[in-house]
Amino acid sequence: MHRIFATPFADLYPLYVAKAERKGRTRAEVDQVISWLTGFDEAALADQLARRSTVEQFFADARLNPNAGLITGVVCGVRVESVEDPLMQRIRYLDKLVDELAKGKAMEKVLRAP
């Protein structure tokens, strides 16, 4: 088991927000990306953060977007569509979406549609 699985999502969330904000994006946009991927609304995300759910529990509670499989590319030198562990792949999906947001990609492109 990778140690990231036991990390509280609340510890990662501010890092995602900071990365986006450094590039002129907003917390609301990060929340929109998380909501698209996981199905969590604002209240459910706040609850996950308040409960300090582990990354493993966070994604276990999520309803992964059916279009998540359209997320492709490389993040941290790893091709996300090739990641074999389902939980690690979901983490990489979120990493990739936040990377694209921070790089200035239009929200319509970040939130994939078939």
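1. Let me start with the core. The largest nonpolar core has 37 residues, and Phe 9, Leu 37 and Leu 94 touch the most other members. A nonpolar core here is a set of buried Ala, Val, Leu, Ile, Met, Phe, Trp, Tyr and Cys residues joined through side-chain atoms within 4.5 Å; buried means under 20% relative accessible area, exposed over 50%, and partly exposed in between (1.4 Å probe, protein chains only). At least two residues of this core come from each of α1, α2, α3, α4, α5 and α6 (107–110), and α5 supplies the largest share, eight residues. The helices (H or I, at least four residues) are DSSP runs, numbered from the N terminus.

2. A word on the model before going further. This is a predicted model, in which local features need pLDDT of at least 70 and side-chain atom pairs count only at pLDDT 80 or more, while totals for chains, interfaces and linings use all residues. Residues are numbered from 1 along each chain as its sequence is written, and side-chain values use heavy atoms, with hydrogens and water left out.

3. Leu 37 deserves a look of its own. Leaving aside neighbours within four places in sequence, Leu 37 is in contact (heavy atoms within 4.5 Å) with Phe 59, Arg 63, Leu 64, Asn 65, Ala 68, Ile 71, Arg 90, Tyr 93, Leu 94 and Leu 97.

4. Which residues of α3 are buried? In this helix (residues 42–51) they are Leu 45, Gln 48 and Leu 49. They lie on the same side of α3, because they cover an arc of only 95° around the axis, taken from the directions from the helix axis to the C-beta atoms. In general, an α-helix has 3.6 residues a turn, so residues three or four places apart point the same way. The buried residues of α3 pack against α1 (9–22), α2 (27–38) and α4 (55–61), whereas Ala 43 and Ala 50, on the other side of α3, are exposed.

5. Both ends of α3 are worth checking. Asp 41 caps the N-terminal end, with a side-chain oxygen 3.2 Å from the backbone nitrogen of Ala 43. Just after α3, Arg 52 takes a positive phi of about 55°.

6. Now the charged pairs. The structure holds nine salt bridges, each a side-chain nitrogen of Lys or Arg within 4 Å of a carboxyl oxygen of Asp or Glu. One of them joins the side chains of Lys 19 and Asp 99 (2.1 Å, N to O). This pair links distant parts of the chain, with Lys 19 in helix α1 and Asp 99 in helix α5, 80 residues apart. Lys 19 is partly exposed at 30% relative accessibility, while Asp 99 is buried at 13%.

7. Arg 112 forms a salt bridge with Glu 100, the closest N and O atoms being 2.7 Å apart. Arg 112 is in the segment after α6 and Glu 100 in helix α5, twelve residues apart. Arg 112 counts as buried at 12% relative accessibility, and Glu 100 counts as buried at 6%. Elsewhere, salt bridges that share partners join Asp 47, Arg 51 and Asp 61 into one network.

8. Asp 47 is partly exposed at 38% relative accessible area, and Arg 51 is partly exposed at 47%.

How values were computed. A polar contact is a pair of N or O atoms within 3.5 Å; within protein, one must be able to donate a hydrogen and the other to accept it, and residues adjacent in sequence count only if both atoms are side-chain atoms.
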